[in-house]
Each structure stands twice: as structure tokens, then as C-alpha cells.
Amino acid sequence: MAPITVGDAIPDGTLAYLDEENKPQSVSIHSLSAGKKVIIFGVPGAFTPTCSLKHVPGFIERAEELKGKGVDEIICISVNDPFVLNSWAKTFPENKHVKFLADGSAKYTHALGLELDLSEKGLGIRSRRFALLVEDLKVKVANVEGGGEFTISSAEEIIKAL
């Protein structure tokens, strides 16, 4: 499947999270995105160095600025289960705006055409690092990284595009 690109409609899909009682819940990506301006960014894995030290912190630190530019939702997707993502989210106590959503079987990542096979490294199927700016389900910006890079999917790059 070709990677999602500017002008495409994002596919619907179900992602998971833990509620306040630590019970697994699911949510439709369309329910979070329809009629809104949304940033969806994907990371190869929770607790990995670049994701934990650069990618996620950038969106957390710039969240107020993004909201001020009309962004309604900031969503982080990772191919991990919701228990791992919940534990990872707790390592960012300053976070007020980024939603951490799990794509445990990589089904949504595959629907976006952004899966990355890291089986040779013992990591299985993961997500490519990316950041999408979506307005009413249509992709306006698609910053998809190659390999293990972190050059175009940062919060700063999305801010430049707003």
C-alpha cells in the first residue's frame, strides 16, 4: 500500500487507550478528527530514545502554540498495546494535550501505508516516524521520515506549515 499523502482522506480505524480506571477502551480516529484540525504523529515505539527524548516532548512543549494556531487535537500513535502506551504517557507529567493511542496490531498504521518492518532487529512491525496535519479528515501536510531519521516530523516542522 502506498503511504498516505497530501490530499488523501485519512482512513477510519480503531485505536486503544486506558481510561481513568485502567480499563482498555477504543476510539475511532474519525470520531476524533471529523470537522477538526488534527495532528496525528506516529512513532516507532514507546520508550525508544528518539521518541521519548525528542519527538513526543516537542509536541508536548509546543502544544499550546499548536492549539493557538487552531489545532483541535494532537494524537500520538504507536504500535504498542494500550498498557505500554499508558505507562509511557505517565513519563510525561507535564502533558496536557497530547493523546496517546495504541495501534497494537499495526492495523491502522498499515491502513496509512506507514508500517516499518523491523523484524531483523527483533522489533517486529512498527510505524514509520511521521506527522500528519489533517483538516476535516483530509491530509494537508504529510511529513514521513525515511528509515530511523528525525528531520521533518517534529512539532516545529508542523508549526511552519500552519
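This is a predicted model: local features need pLDDT of at least 70, side-chain atom pairs count only at pLDDT 80 or more; totals for chains, interfaces and linings use all residues.
1. Pro82, Leu85, Asn86, Trp88 and Ala89 are the buried residues of H4. Look down the helix axis and you'll see that these buried residues fall within an arc of 165°, so they line one face of H4. What do they pack against? The buried residues of H4 meet strand S1 (14–18), S3, H2, S4 and S5.

2. While you're there, have a look at the start of H4. A side-chain oxygen of Asp81 comes to within 2.8 Å of the backbone nitrogen of Phe83.

3. Next up is helix H2, residues 49–61. Its 13 residues should span 18 Å at 1.5 Å a residue, and the C-alpha atoms at its ends are 17 Å apart, which agrees. Which residues of H2 are buried? They are Cys51, Ser52, His55, Val56, Pro57, Gly58, Phe59 and Ile60.

4. Now for the largest nonpolar core, which has 27 residues. Phe41, Phe59, Trp88 and Phe100 are the ones that touch the most other members. Several elements each supply at least two residues of this core, including strand S3 (37–43), helix H3 (63–68), strand S5 (98–102) and helix H6 (155–161). Which element gives the most? That's H2, with 4 residues.

5. Setting aside neighbours within four places in sequence, Phe59 is in contact with Ile39, Phe41, Leu66, Ile74, Val98, Ala131, Ser153, Ser154, Ala155 and Ile158. There's also a second, separate core of 20 residues, with Val27, Ile29, Ile40 and Phe130 among them.

6. An unreviewed UniProt entry lists Cys51 under "active site". Is Cys51 buried or exposed? Its relative accessibility is 0%, and buried means under 20%, so Cys51 counts as buried. Not counting residues up to four places away in sequence, Cys51 touches Val43, Pro44, Gly45, Val56, Pro57, Trp88 and Arg129.

7. Last one: Arg126, in strand S7 (residues 125–127). With 15% relative accessibility, Arg126 counts as buried too, because the cut-off is under 20%. Leaving out residues up to four places away in sequence, Arg126 touches Pro44, Gly45, Val79, Asn80, Thr109, Leu114, Glu115, Leu116 and Leu118. As for His110, it is 16 residues from Arg126 along the chain, and the C-alpha atoms of the two are separated by 9.4 Å.

Definitions and conventions. Residues are numbered from 1 along each chain as its sequence is written. Side-chain values use heavy atoms; hydrogens and water are left out. The expected span of a helix is 1.5 Å times one less than its number of residues. Buried means under 20% relative accessible area, exposed over 50%, partly exposed in between (1.4 Å probe, protein chains only). A nonpolar core is a set of buried Ala, Val, Leu, Ile, Met, Phe, Trp, Tyr and Cys residues joined through side-chain atoms within 4.5 Å. Contact means heavy atoms within 4.5 Å. The arc is that of the directions from the helix axis to the C-beta atoms. A polar contact is a pair of N or O atoms within 3.5 Å; within protein, one must be able to donate a hydrogen and the other to accept it, and residues adjacent in sequence count only if both atoms are side-chain atoms. UniProt positions are given in the numbering used here, feature names are shortened, and annotations may be inferred rather than shown by experiment.
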